Amino acid sequence: MTGRALPVIARLFERWGLWVAAALLLAAPLVADYTPFYLALLTEVLVFGLFALAYDILLGHTGVLSLGHSAFVGVSAYVTGLLLVNLRSIPVELAVLAGALGGLVTALLVGPLALRKRGVYFAMLTLALSQIFYFIALMWKPTGGTDGLGNLPRLFLSEVFGGFRLSKRPVTLYYAIAATVFLAMLVVRRIHRSPFGRVMRATKANERRAQACGYDTRRVKLVAFSLSGLFSGLAGALLTVTLEFVPIENTHWTMSGTVLIMTLFGGTGTLLGPFVGSAVFVWMRDFLSKKLEYWEVFVGASFVLIVLFLPEGIVGTLRRLVWMGGLERAPHAPQSLGVPQPSWSTPRSPARLGGVTAPSPLDAPGDLAKPSPSTAGGNNADVPLLESRGLTMRFGGLTAVDGVDFQVRRGELRAVIGPNGAGKTTFFNMLTGVLPPTAGRILFKGQDITALPPHAVSRLGMARSYQVTNIFADLTVLENLRIAVQSRVTTFSLWRNADALREVTERAERMLALLGLGAKRDFPAGALSHGEQRYLEIGIALATEPEFLLLDEPTAGMSPEETKQTADFIRTIAGRVTIVLVEHDMEVVMGVSDRITVLNYGKVLAEGSPAEIRENPDVRRVYLRD
Amino acid sequence: MLFGYPLEVWTTQLFIGLVNGCILILVAQGLSIVFGLMGIINFAHGIFYMLGAYVGWLTVQLTGNFWLSLLVAPAVVGGVGVFVEIGVLRRIYGTKNANFAGVLVTYGLAIMIPDVVRMIFGRPGKPFAVPKLLTGSLFTLGATEIGGYRVFIIAITAALLPLLWLLLNRTNLGMVIRAGTSDNTMVQLLGINVARTWTTTYALGAALAAFAGVITAPLVAVAPEMGGLILIECFIVTVVGGMGSFVGPIAGGLLIGEVLALTGMVYDVFADVVIYLLMAVVLLVRPRGLFGQEGVSEE
């Protein structure tokens, strides 16, 4: 029975949960103990919840751990406090707005510096930079040092919301803050559902892959960081209004630890989680501390337990349990229907693949990748699509790629072969901007791209698949393709609904069909079989609609049958996009390529048609010796 | 006179900086080794330092022998380290985002343990007497009498560091630690019991921190909060000096120790800002630190 009921509840909750929460917020002062004490506490829960929500934009949605958020709350609290103290006639709303902007400005100061590093180093850097603000607050006279900033005017908030005023101060304050927090929550939710929100999630799932799809992930993280700073600033400003006091502790780095704890308690990546976390924390601080003198033992221990055993937090775990209860009724369970689907190959018949009529995203109007060999180039038909001159990569004493001159014409299908360690993958990494070459130049469409970062190279129309499968494992199969398509449409639109980008979704669906992965549309990509993941890998690259596609051992680890299918597939797309293929399977190489380049010890050993290469004595020697 | 301060003040401050630097080196070495091998920023490291001081204090209370506490504290706290590594950290290795999780669980421990100590020993700090043998001043430096105990700290650090170097460079354990720092997977593929090495390494770091805690105790009152304070300073030391290298924490420790002492001469609070600025500058200009190995600290 529960198996039937839970998903219904879950779906209702997903749909209406926010409005239920709003109703509860509205009714709380009437239902709960009608005392200023509880209302003040509830107000604080909301404000800290907003702070955690802002923090989670970064942690839960972009996958970035910051230990510097105390600076945002601290600065904004002081901005609001100082404005209220020094300009007594300033409207409270304006002071709050200024505080929020203070948080944004702080984020814009810290972000560009800290984001030069990643991972734990980023965390340490944010910690160090935020402490500088703490010491400024400590030393600067107007902020009151360790005493904090007091003497705030008594805020009656009579002017809030066009003069709307309730009789008692705590109630007025509560409603004003609840309304502000709720609005902020709607805005944050909207951002998470926007195309930019999807880019944040892709960055979290696999930053390097997002770069290869053409997203400048550092800028993505900077925007997320700034948004986080803005909403943290709003929380800091509201905190000042709530407490009528600015304690120095706001700005100390332990505040960053507190918000981290609240966010993880509630559950990252959820909308209500931060508020649940904030409620738990405030409860511990205000109630548990009365019962237990040493309440921090409890906070610390439960934090450790949550990280170890409930990494999804309270809300995340509840949601998963509820969904799991109805898993057998989940919309996509094709395997359990008794239809054997051992691999992706079954639904994707060779006929459909090879057929020219197969619906291809590459045929879609407005696609970039259309030029066929005959029409390509136009006025600059003699210029190779891609050219490398004297390309060299040295790692310490080892020269992995040594002065490679390489040219690919538009429309060509070129294979690059060579024994293990010949420098093929390093060569690819240089072409796609992942590794800056030690020497030499790379020209793409006549343009020098030697110094360009991966995302810029991708935007020029170059895409690649990886030797080691590199997909967004946590995202659905469709979203893997959708995010790649979206890269050609928009990155930083915060306000539209990502799912409303109809054309993007349609193109992704067409690519899904082309790959034969339609049945796995809503599966997490990480749950696909190896062969399917290899396929998705190529699909992501194709979905960015490249003119030039680099495939790094597409058949690695595939069964003979899968390998054959892949070769067919490569042949199908070859007419529409220029391809360079690194491959070990000689049958595939000889079967699909127009020309072959042989690398050995980082140098070009030979180049020619498959027949020429087969007969080349140098090549035979290298391969026989293997 | 130099920059408005008499030379005697300079020499005194430089000496104090050296003593502080020694303590920082001992704590930071453990932090750096653990980070290098396990990739975990160990927020719990400060507790080992604090626990070391408490175990030392307890030993002196029970036996009256300071020298015994120098052995007991590292041994007991090393045991706590084994417990933490096996009981907590081992659960997160190999999980997604193990580095994040490592920060988080050790942060939780760093919140929890000081309160446990408060529960057992009470909130106020405990006075810790300088051992009789080392009371009194040894010589005069500038205008200040230099106590024998401070000289002892420098001497024992100078004696310990070569031992640690030998351990890391001339023993099998050290070889595995260094190899694991540069490529953990490879070491595992070679069939080495990595789990035991990690436990040993973590315990070693804890023991070093505990030792530093005991020898610092006579200079300050033993208090539950002492771990948090030194932890942040040691983060800065390892970042500035370079994670995962032996020389890094030494250079960083001496540098930070002196910077704290010298800027403290001008203005107390200013000292704290300067070390944070120093860390930020180093991270931006030379992210792997002064002596960090290339590659170890790139991410």
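1. Chain B contains eleven helices and two strands, where helices (H or I, at least four residues) and strands (E, at least two) are DSSP runs numbered from the N terminus. Read from the N terminus on, the elements of chain B follow the order α-α-α-α-β-β-α-α-α-α-α-α-α. The model is predicted: local features need pLDDT of at least 70, side-chain atom pairs count only at pLDDT 80 or more, and totals for chains, interfaces and linings use all residues. Residues are numbered from 1 along each chain as its sequence is written, while chains are lettered from A and ligands numbered from 1 in the order in which they are written.

2. The C-alpha trace of chain B spans about 60 × 50 × 35 Å along its principal axes. Its radius of gyration is 19 Å, which agrees with the value near 19 Å for a compact globule of 299 residues; the radius is taken over C-alpha atoms, and the globule rule is 2.2 Å times the number of residues to the power 0.38.

3. The contact between the chains takes 33 residues from chain B and 30 residues from chain A, two residues being in contact if their C-beta atoms, placed from the backbone, lie within 7 Å. On the side of chain B that touches chain A, the elements giving two or more residues are α4 (98-121), α9 (226-241) and α11 (268-285) of chain B. The largest share, 15 residues, comes from α4(B). By class, this side of chain B has 25 nonpolar, three polar and five charged residues; Ala, Val, Leu, Ile, Met, Phe, Trp, Tyr, Cys and Pro count as nonpolar, Asp, Glu, Lys and Arg as charged, and the others, Gly among them, as polar.

4. Within chain A, helix α2 (residues 36-62) packs against helix α12 (residues 273-291) at an angle of about 130°, the axes lying 7 Å apart. Axes are lines fitted to C-alpha atoms, for helices over the stretch in contact, and angles run from 0 to 180 degrees between N-to-C directions. The residues making this contact include A:Phe48 of α2(A) and A:Phe281 of α12(A). The contact of α2(A) with α12(A) has ten nonpolar, three polar and three charged residues.

5. Chain A also holds an open sheet of four strands in the order β2-β1-β4-β5, with antiparallel pairing; strands pair if DSSP finds at least two bridges between them. Its edge strands, β2 (398-408) and β5 (447-448) of chain A, each pair on one side only. Strand β1 (residues 386-395) of chain A is joined to strand β4 (residues 439-444) of chain A by five bridges. Helix α16 (residues 424-431) of chain A packs on the sheet and touches β1, β2 and β4 of chain A.
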